[in-house]
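Colleague: Hey, I'm new to this one. Could you walk me through it?
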Amino acid sequence: MDSMNLIVAANIKRIRQEKGLSLDELSRLSGVSKSMLAQIEREEGNPTISTLWKISNGMSIPFDSLTLRPKNEYDVIKMNEIEPLLEDGGRVRNRPLFPDDGNRRFAVYYLELDENGFFKAEPHLKGMEEFITVLEGELEITASDKTFLIKSPDSVRFKADVKHSYRNTAKGETKLHMIIYNPLSI
């Protein structure tokens, strides 16, 4: 299986070129420096989740478009073969299990947050929702002005087109599955 950096690099470059954007234009739209974008496309950068959100929002595409693997007839996902996307100094690890392929309209992720791990997400595209099931531990989620404490094995759904954040409030690691629903196609 290709590394996540290779997959992300190829997708950013392909989508940027399909949209006819230069690195300068994408930098202006996303707020990510041209040099960082060039490093990512050359597989020399290790972008954070926040950086990838800025790039996806700058190109007006779902985040999943950046983590999409080449399509096969079937997929067997082995967790230890998926290189995680990191945030909060590596205390938040996000593994894209099934990115949205443009037809499915949803993506599935597996996240692990170390004790006190925190991640603040930018708003997703309009109409997108998140469905989260806490498998182990507990998670504080803030979306707009609402805060929820979700403990294993409970679930939550919320509109993800607003600023939102996740914080592990458990002693020890929190693990969860996240489904991001996109009512629009890519």
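Predicted model: local features only at pLDDT ≥ 70, side-chain atom pairs only at ≥ 80, totals over all residues.

Colleague: Which residue in β10 is the bridge partner of Glu129?

Modeller: That's Tyr181.

Colleague: And how many bridges are there between β3 and β10?

Modeller: There are 8, and that pairing is antiparallel as well. One of the contacts to look for is Glu112, whose bridge partner in β10 is Lys175.

Colleague: OK, stay on β10. Which side chains point to which face?

Modeller: They alternate along residues 174-181. Thr174, Leu176, Met178 and Ile180 share one face and are buried.

Colleague: Now the inside. Which residues touch the most other members of the largest nonpolar core?

Modeller: Ile55, Ile132 and Tyr166, out of 46 residues in that core. Strand β3, residues 106-113, gives the most to this core, with 6 residues.

Colleague: What is Ile132 in contact with, leaving aside its neighbours within four places in sequence?

Modeller: Quite a list; among them are Leu139, Val156, Phe158, Tyr166, Leu176 and Met178. Asp154, Ser155 and His177 are also included.

Colleague: Switching topic: how many salt bridges does a search of the whole structure find?

Modeller: It finds 12. Take Asp114 and Arg93, with their closest N and O atoms 2.8 Å apart. Asp114 is in the loop between β3 and β4, Arg93 is in strand β2, and they are 21 residues apart.

Colleague: Is Arg93 buried or exposed?

Modeller: Buried, at 13% relative accessible area. Arg93 also meets Glu173 in a salt bridge, at 2.7 Å from N to O. Arg93 sits in β2 and Glu173 in the loop between β9 and β10, so this pair ties together parts 80 residues apart in sequence.

Colleague: And what does Glu112 pair with in a salt bridge?

Modeller: Arg95, at 2.8 Å from N to O. Glu112 is in β3 and Arg95 in β2, so that pair ties together parts 17 residues apart in sequence. Glu112 counts as buried at 13% relative accessibility, and Arg95 counts as buried at 14%.

Colleague: Which residues are linked in the network of salt bridges?

Modeller: Arg93, Arg95, Glu112, Asp114, Glu173 and Lys175.

Terms used: Residues numbered from 1 in each chain as written. Heavy atoms only, no water. Core = buried A, V, L, I, M, F, W, Y, C linked by side-chain atoms within 4.5 Å. Buried < 20%, exposed > 50% of the residue type's maximum accessible area, 1.4 Å probe, protein only. Helix = DSSP H or I, 4+ residues; strand = E, 2+ residues; numbered from the N terminus. Contact = heavy atoms within 4.5 Å. Pairing = 2+ DSSP bridges. Salt bridge = Lys/Arg side-chain N within 4 Å of Asp/Glu carboxyl O.
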